[in-house]
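This briefing walks through one protein model, topic by topic, for a reader who is new to looking at structures. Please keep the sequence and the three-dimensional view open while you read.

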Amino acid sequence: MISPDIEYNNYDLNGDFYITDNFVVGATYGVGSLENAGGEADTTNYGLSAEWQFGSMPLSLLAGYQHWELDDIDYETDALTVGVRWNFGGSLIERDRAGVRNTPANLITRYIGF
């Protein structure tokens with residue numbers, strides 16, 4: 001039975017490497033647990049990402065790969081994302097130092113890869 005009351009905890013290790021102020025590659029690895037009325041399962045996730053911002057305009061191109069799985073049952077999902085982002089000033093490294101580049105992910109974003 002699946003209950004609407006889901007408890008989800010995850011611990012992530014993220015790393016970004018700036019090749020230039022406007023080109024960054026990143027990696028993430030995480031472990032966690034998913035608890036529901038039907039039981040508990042451990043989770044694992046990992047991914048790679050890259051973003052490049054044009055020097056002459058406030059647009060950047062991004063791409064990423066993310067894998068998420070429930071370890072105790074045979075269930076996993078993979079997501080490949082590509083996108084364009086409008087940046088409201090500053091380089092990627094400046095935005096990262098200001099704390100606006102990366103945000104924590106929740107269960108839904110891990111599942112669908114956003």
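The model contains an open sheet of 5 strands, ordered E1-E2-E3-E4-E5 and paired in the antiparallel sense, where two strands count as paired if DSSP finds at least two bridges between them. At its edges stand E1 and strand E5 (75-86), each of which pairs on one side only. From one strand to the next, the twist averages 10 degrees, taken between axes that are lines fitted to C-alpha atoms (for helices over the stretch in contact), with angles that run from 0 to 180 degrees between N-to-C directions. This is a predicted model, in which local features need pLDDT of at least 70 and side-chain atom pairs count only at pLDDT 80 or more, while totals for chains, interfaces and linings use all residues. Residues are numbered from 1 along each chain as its sequence is written, and side-chain values use heavy atoms, with hydrogens and water left out.

**Confidence and overall make-up**

- The protein chain averages a pLDDT of 83, and 83% of the residues score at least 70; pLDDT is the predictor's confidence in each residue, from 0 to 100.
- Confidence in the protein chain is lowest in helix H2 (residues 107-112), with a mean of 57, whereas it is highest in strand E4 (residues 59-70), at 94.
- The protein chain has 2 helices and 5 strands, and these names refer to DSSP runs numbered from the N terminus (helices are H or I with at least four residues, strands are E with at least two).
- Followed along the sequence, the protein chain shows the pattern β-β-β-β-β-α-α.
- Of the 114 residues of the protein chain, 32% count as buried, a word that means under 20% relative accessible area, with exposed meaning over 50% and partly exposed lying in between (1.4 Å probe, protein chains only).
- Among contacts in the protein chain between residues at least 6 apart in sequence, 48% join residues at least 24 apart, a contact being defined by heavy atoms within 4.5 Å.

**How the strands pair**

- Strand E1 (residues 7-20) and strand E2 (residues 23-36) run antiparallel and are joined by 13 bridges, and a hairpin connects E1 to E2 through 2 residues.
- Within this pairing, Gly15 has Ala27 as its bridge partner in E2, while the bridge partner of Asp16 in E2 is Gly26.
- E2 also pairs with E3 in the antiparallel sense, over 14 bridges, and these two strands form a hairpin with 2 residues between them.

**The nonpolar core**

- The largest nonpolar core consists of 5 residues, namely Tyr8, Leu34, Ala41, Trp68 and Leu70; such a core is a set of buried Ala, Val, Leu, Ile, Met, Phe, Trp, Tyr and Cys residues joined through side-chain atoms within 4.5 Å.
- When residues up to four places away in sequence are not counted, Ala41 touches Gly32, Ser33, Leu34, Leu70 and Asp72.

- Trp52 lies in strand E3 (residues 39-53), and it counts as partly exposed because its relative accessible area is 38%.
- Leaving aside neighbours within four places in sequence, Trp52 is in contact with Asn22, Phe23, Leu59, Ser60, Leu61 and Leu92.
- Although Trp52 and Val24 are 28 residues apart along the chain, their C-alpha atoms are separated by 6.6 Å.
- Asn45 also lies in strand E3, and it is buried because its relative accessible area is 1%.
- The side chain of Asn45 makes a polar contact with the side chain of Asn10 (3.2 Å); a polar contact is a pair of N or O atoms within 3.5 Å, where within protein one must be able to donate a hydrogen and the other to accept it, and residues adjacent in sequence count only if both atoms are side-chain atoms.

**Asp78 on strand E5**

- Asp78 has its place in strand E5, and it counts as partly exposed because its relative accessibility is 44%.
- Apart from neighbours within four places in sequence, Asp78 is in contact with Tyr65, Gln66 and His67.
- The side chain of Asp78 makes a polar contact of 2.5 Å with the side chain of Tyr65, and another polar contact, given as 2.5 Å, links the side chains of Asp78 and His67.
- Asp78 and Asn45 are 33 residues apart in sequence, and their C-alpha atoms are 9.7 Å apart in space.
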